[in-house]
Amino acid sequence: MDIQQTEDKAVQQTLLSTYCPAPIKDAREKQDAILIERFKGGSYKIADLGCGDGYHGAIFAPTCECYHGFDIAPEIAALAEARWREDGLEHASVFVGDAANVQLRKEFYDLVFCLYFTPGNFRDKSEELGMYSDEYLDHNPGFIRVMSKFYHALKPGGRMFLTVYRDVPEAEESQIDFYLHTGQHVVTPKGSRFVMTKENFWSVRWTRESMLSNLSGFGVSADQVSFNELNHIAWLVEIEK
């Protein structure tokens, strides 16, 4: 089993787990409340990057002009596809594969969602922890490749939303707690800016500076970015094009 396959399996275990640390659950609920209040019921074109089991599509797609889910793991994407089919969501569809390679129409979407801490999972795959230096994390080529594609697929005035862990000890504790309870084995030393497991799951935490540095890699300036505080471990980062 290669790195991507083992990571996909770890993601699926995490996604389907009934266990979720309280700070992560709280951040997810507040993220959803913000987006539902602002966008539920609107006729938008939405891209859902890392759509998982299709939960957000079930909320927003009923009134959307189109809702496109993207997920690299076929087993997870199949869950979203089945959910949307059961809900009769004719304008919702799933694209399976590496989002860095997907072909998107320029200035097509009104909204891009990358939620539930998915932005912290993008990287160049390696089992070598030393690869992920501070310099790498502040200008992560894997993150920039994916996010730049979806940013350029936004219409002028469109918005991108990223849910991310803040780089604080409490967030690291929540990450480790979550991964251990889903049968994974953490291999990073305490205090690292990311958590990696033996199963190749990888999730970084962010400072304002590291997020802005990465976003600048595809032309986003600081005045386009808002950090909406969800709780003490998480932000909902909003990027206006």
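# Briefing: cores, strands and helices

Of the 40 residues in the largest nonpolar core, the ones touching the most other members are Phe143, Phe150 and Leu162. Helix α6 (residues 141-152) is the top contributor to this core, with six residues. There's also a second, separate core of 33 residues, which includes Ile24, Ala80, Trp84 and Ala234. Keep in mind that this is a predicted model.

**Inside the cores**

- As background, nonpolar side chains in soluble globular proteins tend to be buried together.
- Phe150 touches Ala47, Leu49, Phe70, Ala99, Val102, Leu104, Val112 and Met160, leaving aside residues up to four places away in sequence.
- Phe161 sits in strand β5 (residues 154-166), and with a relative accessible area of 0% it is buried.
- Phe161 and Glu90 are 71 residues apart in sequence, and their C-alpha atoms are 24 Å apart in space.

- How much of strand β2 (residues 66-71) is buried? Six of its six residues are, so to speak, under cover.
- In a regular strand, side chains alternate between the two faces of the sheet.
- For β2, both faces are covered: Cys66, His68 and Phe70 are buried on one side, and Tyr67, Gly69 and Asp71 are buried on the other.
- Strand β1 (residues 45-49) pairs with β2 in the parallel sense over five bridges, and Asp48 stands opposite Gly69 of β2.
- β2 also runs parallel to strand β3 (residues 92-96), joined by five bridges, and here Asp71 stands opposite Val96 of β3.

**How the chain gets from strand to strand**

- A right-handed β-α-β unit is made by β1, helix α3 (residues 55-60) and β2.
- From β2, the chain goes through helix α4 (residues 74-86) to reach β3, and this β-α-β crossover is right-handed too.

**Helix α4**

- The 13 residues of α4 should span 18 Å at 1.5 Å a residue, and the end C-alpha atoms are 18 Å apart, which agrees.
- Which residues of α4 are buried? They are Ile76, Ala77, Ala80 and Trp84.
- These four cover an arc of only 100 degrees around the axis, so they lie on the same side of α4.
- After α4 comes Gly88, with a positive phi near 70 degrees.

**Helix α7**

- At 1.5 Å a residue, the twelve residues of α7 (residues 169-180) should span 16 Å; the end C-alpha atoms are 17 Å apart, which agrees.
- The buried residues of α7 are Ala171, Glu172, Ser174, Gln175, Ile176, Phe178 and Tyr179.

**The β8-β9 hairpin**

- Strands β8 (residues 225-231) and β9 (residues 234-240) pair in the antiparallel sense over six bridges.
- The two strands form a hairpin with two residues between them, and Glu229 has Trp235 in β9 as its bridge partner.
- Val225 is found in β8, and at 11% relative accessibility it counts as buried, because the cut-off for buried is under 20%.
- Twelve residues along the chain from Val225 is Val237, and their C-alpha atoms are separated by 6.9 Å.
- Val225 touches Leu212, Leu215, Val220, Val237, Glu238 and Ile239, again not counting residues up to four places away in sequence.

**Positive phi without glycine**

- Glu107 isn't a glycine, yet its phi is positive at about 55 degrees.
- Glu107 is placed in the loop between β3 and β4 (109-114), and at 39% relative accessibility it counts as partly exposed.
- Phe117, likewise not a glycine, has a positive phi of about 75 degrees.

Key
Residues are numbered from 1 along each chain as its sequence is written. This is a predicted model: local features need pLDDT of at least 70, side-chain atom pairs count only at pLDDT 80 or more; totals for chains, interfaces and linings use all residues. Side-chain values use heavy atoms; hydrogens and water are left out. A nonpolar core is a set of buried Ala, Val, Leu, Ile, Met, Phe, Trp, Tyr and Cys residues joined through side-chain atoms within 4.5 Å. Buried means under 20% relative accessible area, exposed over 50%, partly exposed in between (1.4 Å probe, protein chains only). Contact means heavy atoms within 4.5 Å. Two strands pair if DSSP finds at least two bridges between them. A crossover is right-handed if, with the strands pointing away from the viewer, the path from the first strand over the helix to the second runs clockwise. The expected span of a helix is 1.5 Å times one less than its number of residues. The arc is that of the directions from the helix axis to the C-beta atoms.
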